[in-house]
Amino acid sequence: ADEAVMLNEFGRVACAAAANVFVVRADGVATPPTGEGALPGVVRGVILRQARKRGVRLEERAIERDELSAGGVFLTNSLIGLRPAVLADASPPRKGGPARRRILKTLQVCYEEYLQRDLAKRRGR
């Protein structure tokens, strides 16, 4: 495994060892709030803002560990950006695949566009 999912004291998803965790369902995206143990990551913040601007339904809420195998998962941090993840012990979700892929692609594009704008701003353009 390349990463580990960290649970909080209630057995709910908090984060990954070195990344924030997002669960993608056909109807939107969820990520644990900082009150559940998630770190307020830079890329996490970008995804939260950009998703809402693009009309992607995104909620910060408690995530039960079984939700990780029910939907798609992606991780974020400043080194990897936004990266899809596959759980080592779970079979792929059977429902909502096209919708989940569309949401993930939208968020990847949002993040790439954000990076380009940020780089241009730093270069003084």
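At what angle do α1 and α3 pack, and how far apart are their axes?

Reply: Happy to. Before the helices, a word on what you're looking at. This is a predicted model, where local features need pLDDT of at least 70 and side-chain atom pairs count only at pLDDT 80 or more, while totals for chains, interfaces and linings use all residues. Residues are numbered from 1 along each chain as its sequence is written, and side-chain values use heavy atoms, with hydrogens and water left out.

That score, pLDDT, is the predictor's confidence in each residue, from 0 to 100. The protein chain averages 89, and 94% of the residues score at least 70. Among the elements of the chain, strand β2 (residues 13–16) has the highest mean pLDDT, 96, and helix α2 (residues 67–70) has the lowest, 84. Those element names come from DSSP runs, numbered from the N terminus: helices are H or I with at least four residues, strands are E with at least two.

Now your question. Two packed helices are described by the angle between their axes and the distance between the axes. For α1 and α3, the angle is about 110 degrees and the axes are 10 Å apart. Here the axes are lines fitted to C-alpha atoms, for helices over the stretch in contact, and angles run from 0 to 180 degrees between N-to-C directions. The two helices are therefore roughly perpendicular to each other. (Under 35 degrees counts as roughly parallel, over 145 as roughly antiparallel, 65 to 115 as roughly perpendicular and the rest as oblique.) The crossing of α1 and α3 is also right-handed. A crossing gets that label if the near helix is turned clockwise from the far one by less than a right angle, and left-handed if anticlockwise.

So who meets whom? On the α1 side you'll find Val43, Val46, Ile47, Gln50 and Ala51, and they meet Leu107, Cys110, Tyr111, Tyr114 and Arg117 of α3. Contact here means heavy atoms within 4.5 Å.

Let's zoom in on Cys110, which lies in helix α3. Cys110 counts as buried because its relative accessibility is 1%. (Buried means under 20% relative accessible area, exposed over 50%, and partly exposed in between, with a 1.4 Å probe and protein chains only.) If you leave aside its neighbours within four places in sequence, Cys110 is in contact with Gln50 and Arg54. Cys110 and Val46 are 64 residues apart along the chain, yet their C-alpha atoms are separated by 8.7 Å.

Next, each helix by itself. α3 covers residues 97–122, and at 1.5 Å a residue its 26 residues should span 38 Å; the end C-alpha atoms are 37 Å apart, so the two values agree. (The expected span is 1.5 Å times one less than the number of residues.) The buried residues of α3 include Gly97, Ala99, Leu104 and Asp118. Among the elements covering its buried residues are α1 (42–53), β3 (20–25) and β6 (72–77). After α3 comes Gly124, whose phi is positive, near 85 degrees.

α1 passes the length check too: its 12 residues should span 16 Å, and its end C-alpha atoms are 17 Å apart, which agrees. Its buried residues include Val43, Arg44, Leu48 and Ala51, and what covers the buried residues of α1 includes β5 (58–60), β7 and α3. Gly45 also lies in α1, and at 17% relative accessibility Gly45 counts as buried. α1 is followed by Gly55, which has a positive phi, near 80 degrees.

For contrast, look at the stretch before α1. Gly35 sits in the loop between β4 and α1, and Gly35 is exposed, with a relative accessible area of 73%. Its C-alpha atom is separated by 8.9 Å from that of Ala14, 21 residues away along the chain.
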